[in-house]
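Visitor: I am new to this structure and would like a close look at a single part of it. Could you take me through that part slowly?

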Amino acid sequence: MRKKTLILGIESSCDETAASVITEDERGIPLVLSNVISSQIDIHKEFGGVVPELAARAHMEKIDLIVQKAIKDSGKKIHEIDAVASTAGPGLIVCLSVGLSFGKALASTLKKPFIAVNHLEGHALSPKLNSELTYPYLLLLISGGHTQFLNVQGLEKYKRLGTTIDDALGEAFDKTAKLLGVEFPGGPKIEVLAEKGNPEKFHLPKPIYSRGGCNLSFAGLKTAILKITKKIKTDQERFDLAASFQNTVVKILHKKTKIAFREFEKQNKLKNKVFVVAGGVAANKNIRSMLINLCYKENYQTIFPKIEFCGDNAAMIAMVGLEKFKLKKFNNLDFPAKPRWPLDSDAAFLKGSGLKL
Ligand code: KG4
Ligand code: ZN
């Protein structure tokens, strides 16, 4: 019987130290054998955000234990691993360097190939860990650092259709939470507060809603929320503001996703229309249900990663490693950490309120 490929993935781009071992079943469907994540929430909580030096130190203290646990949980032996895949960017350079150096050293000691992975490609391929997915597909990537619509044509083949021109959506959730007095990381708690609030209570701006194609903007929304938080006093008003913020985001995404659908259809000859939503914000149930309904009306199949693969994890890094391993796309041990590493390197840099869209 053919030995099944085993890939070890390592992730340390921000504030999660993670390692995972994945393989494939007889039909070539990926199987996650272990998925270990150590979060640093308690370290960064008192600062209200991620402190790069503290994050890097915590990665260094934990990385060997996390990798050992991922190997142990997988039920495999370390020498059975076929390749080591580490996140090389984008992210905080001091953090990236920890997982990247560890992965290179391990690959070299085991005399196995090393694979450098783009963290965003990890998010893009994360639904492959629980669903069959073929190219091309339209991807909405919504995380703490990125918000983009991408035409995914294949491994390493991305065409950006739209992007945020200022804040990422996860960042907008986190900043709104902070303004509402919610402890870091507040983004996921917005939907809990919103459940108790009236989504129509506050009318918030929808920046570049009627222009700019499927580009997005969230900075104006944050400024409006800042003004309102200075006036509100009761818990009920806080719930109403959380609900109004979430509702406004849902409306923006609804409109922009429809525009992205048309762009995607123009660029591809499609038999099946597939829409993938990935990244930490893809865990938001309100956004999920709106996008599922929209896809139903628009005849798109919607695919979300499992909730545990939405946030940062190493299984998605191993997933990219597995695809690259099959194509023998290995990297040298001098591959650098890349704090900035766009998926579509040809796309124009779009940032700033002065942009004419
Ligand atoms: O993908 P991710 O884990 O890390 C990055 O690569 O950025 O995304 C983290 C982001 C954070 O901004 C967090 O607030 C947001 O995802 N997030 C959510 C939810 N869960 C995580 N935002 C809204 N609703 C959620 N349920
Ligand atoms: Zn991420």
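Visitor: Which side chain has an N or O atom 3.3 Å from an oxygen atom of ligand 1?

Guide: In this predicted model, the side chain is that of His-119, with an N or O atom 3.3 Å from an oxygen atom of ligand 1. The side chain of His-123 also has an N or O atom 3.2 Å from an oxygen atom of ligand 1, while at Gly-280 a backbone N or O atom lies 3.0 Å from an oxygen atom of the ligand. Taken alone, ligand 1 exposes 550 Å², of which the protein buries 84%.

Around ligand 1 there are 19 residues, the closest being Gly-144, Asp-174, Glu-191, Gly-280 and Asp-312. By kind, this shell divides into five nonpolar, eleven polar and three charged residues. Helix H4 (119-125), helix H5 (169-179) and helix H6 (187-194) each supply at least two residues of the shell, and at least three residues come from each of domain 1 (7-127 + 309-326) and domain 2 (133-304).

Distant parts of the chain are linked here, with His-123 in helix H4 and Asp-312 in the loop between strand S10 (301-303) and helix H10 (315-326), 189 residues apart.

Conventions
Residues numbered from 1 in each chain as written. Chains lettered and ligands numbered in written order. Predicted model: local features only at pLDDT ≥ 70, side-chain atom pairs only at ≥ 80, totals over all residues. Heavy atoms only, no water. Near = heavy atom within 4 Å. Polar contact = N/O pair within 3.5 Å; in protein donor to acceptor, adjacent residues only side chain to side chain. Areas by Shrake-Rupley, 256 points an atom, 1.4 Å probe, with all protein chains shown as cover. Helix = DSSP H or I, 4+ residues; strand = E, 2+ residues; numbered from the N terminus. Nonpolar A, V, L, I, M, F, W, Y, C, P; charged D, E, K, R; others polar. Domains from an automatic or database assignment.
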